[in-house]
Amino acid sequence: MDRAPGVSVRVKLTLTYAGFLMLAGALLLAAVWVFLLRYVPDRAMLIVPDDFSAGGVFPVRSNLLRLFAPRAAAVLAFLLVFGLVGGWLLAGRMLAPLTRITDATRTAANGSLSHRIRLAGNRDEFSELADAFDTMLARLEAHVAEQRRFAANASHELRTPLAVSKALLDVARTDPDHDTGEVIERLHAVNTRAINLTEALLLLSRAQQRSFTPEPVDLSLLAEETTETLLPLAEKHGVSIDTRGDITPVIGSHALLLQLTTNLVQNAILHNLPAEDDEGGEGGEGMVWVTTGVRPGSVVLTVENTGDSISPRLASTLTEPFQRGTERVHTDHAGVGLGLAIVKTIAQAHDGTLTLTPRSAGGMRVTVELPAAPLHTGR
């Protein structure tokens with residue numbers, strides 16, 4: 001914003017300090033006049049004591065004023081100079097932290113988010129402002145780094161199906177005798193993956209922008225709807241789903257919260273215990289538990305599943321875009337790597353939280369906590 005040049009805060013504070021000092025001096029001189037000089041007679045008085053040992057003329061008010069006025073003016077002039085010089089130095093010292101904050105702001109505006117003020121000293125208004133600014137810079141730096149990683153990963157993920165499509169088209173063009181049906185089938189699969197990735201990116205962007213109309217939603221109904229939809233997938237993988245819980249009213253987007261529930265249950269099904277094959281290979285019946293509950297001021301959706309053991313360190317990274325467990329990348333249902341990232345973004349868009357906790361027996365417990373919808377009581 002372009003602003004017209006004005007008087008600096010340091011000059012204003014200096015003039016304020018000097019003005020108050022001059023006012024205090026003037027009030028002091030006025031007090032001397034009111035309480036001392038006004039009682040001095042304006043005509044000469046001869047005082048003769050009884051013992052004649054001490055006598056003389058009583059001071060006259062006009063003579064005292066003639067002697068007092070120049071000295072009072074000199075004192076006021078000294079106070080003015082002292083106030084200006086002292087006020088200038090004091091204002092500079094007081095505004096030094098603000099100067100550091102301003103310099104840090106300009107540095108951040110130029111693109112350097114790693115700079116920190118780290119203002120020393122006891123707690124005061126300037127230190128609180130500096131600490132808040134440092135916290136904001138740290139969050140901005142982390143957010144920008146996350147966005148850069150996301151852009152790089154998204155570019156890599158989108159580049160892969162495009163490169164595969166180009167290679168398949170080159171094969172079809174250079175080898176006319178190649179099986180056209182096989183090439184078309186592989187192109188269809190690659191194109192489907194690219195479309196799914198693009199739709200996931202659009203959904204993630206929509207959730208981040210909170211571009212939805214809030215409406216009353218019951219998470220327990222979404223859990224039941226998701227279970228019914230994904231039941232064939234669960235049966236295919238030999239996984240049983242147990243859904244139970246209380247009515248959990250929230251205010252939000254029905255479509256986004258349904259996507260959140262679907263992603264969680266689908267992940268719990270796909271990343272479960274390996275199903276027993278037709279030849280009696282190792283495997284077992286996997287389980288998925290979907291529960292909803294109400295807490296004071298919030299509602300909770302919990303999705304648990306059986307599966308391989310996951311370290312807490314790996315669990316903490318699974319909500320980042322395009323992050324997967326190493327054992328999941330080479331499966332047929334690796335997905336696009338945005339499932340839990342979308343869940344986290346949708347939860348944050350609804351002012352909620354997402355918590356991932358590895359189960360001691362294997363698998364994962366995922367908890368989404370959202371603010372409860374206010375109760376409306378009719379009359």
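1. How many helices and strands does the secondary structure of the chain come to? The count is eight helices and nine strands. The model is a predicted one, so the points below concern computed geometry. Of the chain's 379 residues, 32% count as buried. Among contacts between residues at least 6 apart in sequence, 68% join residues at least 24 apart.

2. The largest nonpolar core has 47 residues. Within this core, Leu 264, Ile 269 and Val 368 touch the most other members. Helix α6, residues 254-270, gives the most to the core, contributing eight residues. Another core lies apart from it and has nine residues, including Ile 101, Ala 104, Ala 130 and Phe 133.

3. Ile 269 deserves a separate entry. With neighbours within four places in sequence left aside, Ile 269 is in contact with Leu 230, Leu 233, Ala 234, His 237, Val 239, Ile 241 and Val 288. Of these partners, Leu 230, Leu 233 and Ala 234 are also listed among the α5 residues that meet α6.

4. Next, the pairing of α5 with α6. Helix α5 covers residues 219-236, and its axis lies 9 Å from that of α6, at an angle of about 40°. The crossing of α5 past α6 is right-handed.

5. On the α5 side, the residues in this contact are Leu 219, Leu 222, Ala 223, Glu 225, Thr 226, Leu 230, Leu 233 and Ala 234. They meet His 254, Leu 257, Leu 258, Thr 261, Thr 262, Val 265, Gln 266, Ile 269 and Leu 270 of α6. Sorted by class, the contact has 11 nonpolar, five polar and one charged residues. On the spacing along each helix: an α-helix has 3.6 residues a turn, so residues three or four places apart point the same way.

6. Is helix α8, residues 339-349, largely enclosed or largely open? Eight of its 11 residues are buried, so α8 is largely enclosed by the rest of the structure. The buried residues are Leu 340, Ala 341, Ile 342, Val 343, Thr 345, Ile 346, Ala 347 and Ala 349. Their cover includes helices α4 (180-209) and α6, together with strands β8 (353-358) and β9 (364-371).

7. One backbone detail remains. Asp 351 follows α8 and has a positive phi, near 60°.

Key
Residues numbered from 1 in each chain as written. Predicted model: local features only at pLDDT ≥ 70, side-chain atom pairs only at ≥ 80, totals over all residues. Heavy atoms only, no water. Core = buried A, V, L, I, M, F, W, Y, C linked by side-chain atoms within 4.5 Å. Buried < 20%, exposed > 50% of the residue type's maximum accessible area, 1.4 Å probe, protein only. Helix = DSSP H or I, 4+ residues; strand = E, 2+ residues; numbered from the N terminus. Contact = heavy atoms within 4.5 Å. Axes fitted to C-alpha atoms, helices over the stretch in contact; angles between N-to-C directions. Left-handed = near helix turned anticlockwise from the far one by under 90°. Nonpolar A, V, L, I, M, F, W, Y, C, P; charged D, E, K, R; others polar.
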